[in-house]
Amino acid sequence: MEPIEVEKVQHILESYIDKDVYIHLETTNGAYASHFNDKAYNVGAYIRNAQVNFSQAKIIGDGNTFRAGLKLELGWVYAEGLTEWTLHKDNQLLLAGHDSEGRLMVALHISETPLGQ
Amino acid sequence: MNRMEKQVVVILPHPDDESFGAAGTIAQFREQGVPVTYLCGTLGEMGRNMGSPAFANRETLPDIRKEELINACSKLDIDLRMLGYRDKTVEFEDKQEVAKDLKHHLDELEPSLVITHYPEYAVHPDHNAMGAAAVEAVRLMAPEKRPVVWAQAISNNYTAELGQPDIVNDVTPTFDRKMEAIMAHESQASGILGQFRESPALSDDLQEAAKQQLGVERFYVWNFK
Ligand SMILES: [Zn+2]
């Protein structure tokens, strides 16, 4: 993955507007957080291949980390801490944020076709 | 490690569980000519480690880890069966269905020994769930056909609650083979090995730290009574 280039990512985000798309949205601090630190909690959530349709999409940030917001008819999809992006299989936009060790902390993927099982 | 096994089946949920947890023991069995089959539950699709430096992403990780798993199993010279569950979801499957799935393999392979995780003491929910399903699969077998089950605990509290493990296996004689298997899991190895050391260190120290953490493999013999 590459550091996020706002203009490119914004352009791709807009290409999905008003289409039925599949998203993967995830955040995690790993399954071992409380094993290695008894004061920590394991926190994580993911939703995979949820179908949404958004009318507006933006990626905004300070040049290092970014937030993405997708405006749905009845709500929002939001992700924070995004730092890198890639285009997977030509039509899947992957956005992710990693910690200093390169471990995934947050991910937002958007695709016109279902993401792999 | 005294009696000669006929066939060993390892049942764990993630590619790399076999290498970090049991590869030294597995290598010892292979040196004795004992066939070993690994029933690997998932492809570790939801792992956080993406390589260091990162070369995987969430979408490419399953194929990469599958390749790594195949490589690790070939380093260990063991048979591999991938069960097709999904990382982080094993505990939400129907436990009896998973147990029946495992039992089919056990009925066919007729192992004398099964190695799995100790339910409730294996930290990751997939470890606990796959361990529980493996124990259940063996319990479903006729008592005279049941293999011995070695269960591996990981949690920080396990000796306090379970007492000393029944099997404390010094795997230094096969440690190089174990490290080869671990390193086959390229996307995971450095991230996980890195947790064994407090501060940045040279790779020699890392090897030493790994030996201290990974040089002994411990198991409890499951009691079906
Ligand atoms: Zn695992």
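Q: How many residues of chain A and of chain B are in contact?
A: In this predicted model, 25 residues of chain A are in contact with 19 residues of chain B, where contact stands for heavy atoms within 4.5 Å.

Q: How much area do chain A and chain B bury between them, and which residues of chain A lose the most?
A: The two chains bury about 2,000 Å² between them, and 53% of that area is on carbon and sulfur atoms. On the side of chain A, the residues that lose the most area to chain B are His35(A), Tyr46(A) and Arg103(A), which together account for 28% of what that side buries.

Q: What makes the meeting of Arg48(A) and Glu59(B) a salt bridge?
A: The side chains of Arg48(A) and Glu59(B) come to 2.9 Å, N to O, and the rule asks for a side-chain nitrogen of Lys or Arg within 4 Å of a carboxyl oxygen of Asp or Glu, so the pair qualifies as a salt bridge. Across the interface of chain A and chain B the rule finds two salt bridges, and the count of residue pairs in polar contact between these chains, both at pLDDT 80 or more, is seven.

Q: Which elements give two or more residues to the side of chain A that touches chain B, and how do its residues divide by class?
A: The contributing elements of chain A include helix H2 (33-36), strand S3 (44-52) and strand S9 (104-111). By class, the residues of this side divide into eight nonpolar, 13 polar and four charged.

Q: Why are H6(B) and H7(B) called roughly perpendicular to each other?
A: The axes of helix H6 (residues 175-184) and helix H7 (residues 186-194) of chain B come within 6 Å and cross at roughly 115°. Angles of 65 to 115 degrees count as roughly perpendicular, and the two helices are therefore described in that way. Among the residues that meet are Met179(B) and Ile182(B) in H6(B) and Ala189(B) and Leu193(B) in H7(B), and the contact has six nonpolar, no polar and one charged residues.

Q: What makes H1(B) roughly parallel to H2(B)?
A: The axes of helix H1 (residues 17-31) of chain B and H2(B) come within 10 Å and cross at roughly 30°; because angles under 35 degrees count as roughly parallel, H1(B) is roughly parallel to H2(B). The contact is made by residues including Ala23(B) and Ile26(B) of H1(B) and Leu69(B) and Leu76(B) of H2(B), and its residues divide into five nonpolar, one polar and two charged.

Q: What kind of peptide bond joins Ser52(B) and Pro53(B), and where does Pro53(B) lie?
A: Ser52(B) and Pro53(B) are joined by a cis peptide bond, with omega at about 0°, and Pro53(B) lies in the loop between strand S2 (36-40) and helix H2 (61-76) of chain B.

Technical notes: Residues are numbered from 1 along each chain as its sequence is written. Chains are lettered from A and ligands numbered from 1 in the order in which they are written. This is a predicted model: local features need pLDDT of at least 70, side-chain atom pairs count only at pLDDT 80 or more; totals for chains, interfaces and linings use all residues. Side-chain values use heavy atoms; hydrogens and water are left out. Axes are lines fitted to C-alpha atoms, for helices over the stretch in contact, and angles run from 0 to 180 degrees between N-to-C directions. Helices (H or I, at least four residues) and strands (E, at least two) are DSSP runs, numbered from the N terminus. Angles under 35 degrees count as roughly parallel, over 145 as roughly antiparallel, 65 to 115 as roughly perpendicular and the rest as oblique. Ala, Val, Leu, Ile, Met, Phe, Trp, Tyr, Cys and Pro count as nonpolar, Asp, Glu, Lys and Arg as charged, and the others, Gly among them, as polar. Buried area is the accessible area (1.4 Å probe) that two parts lose on being put together, summed over both. A polar contact is a pair of N or O atoms within 3.5 Å; within protein, one must be able to donate a hydrogen and the other to accept it, and residues adjacent in sequence count only if both atoms are side-chain atoms.
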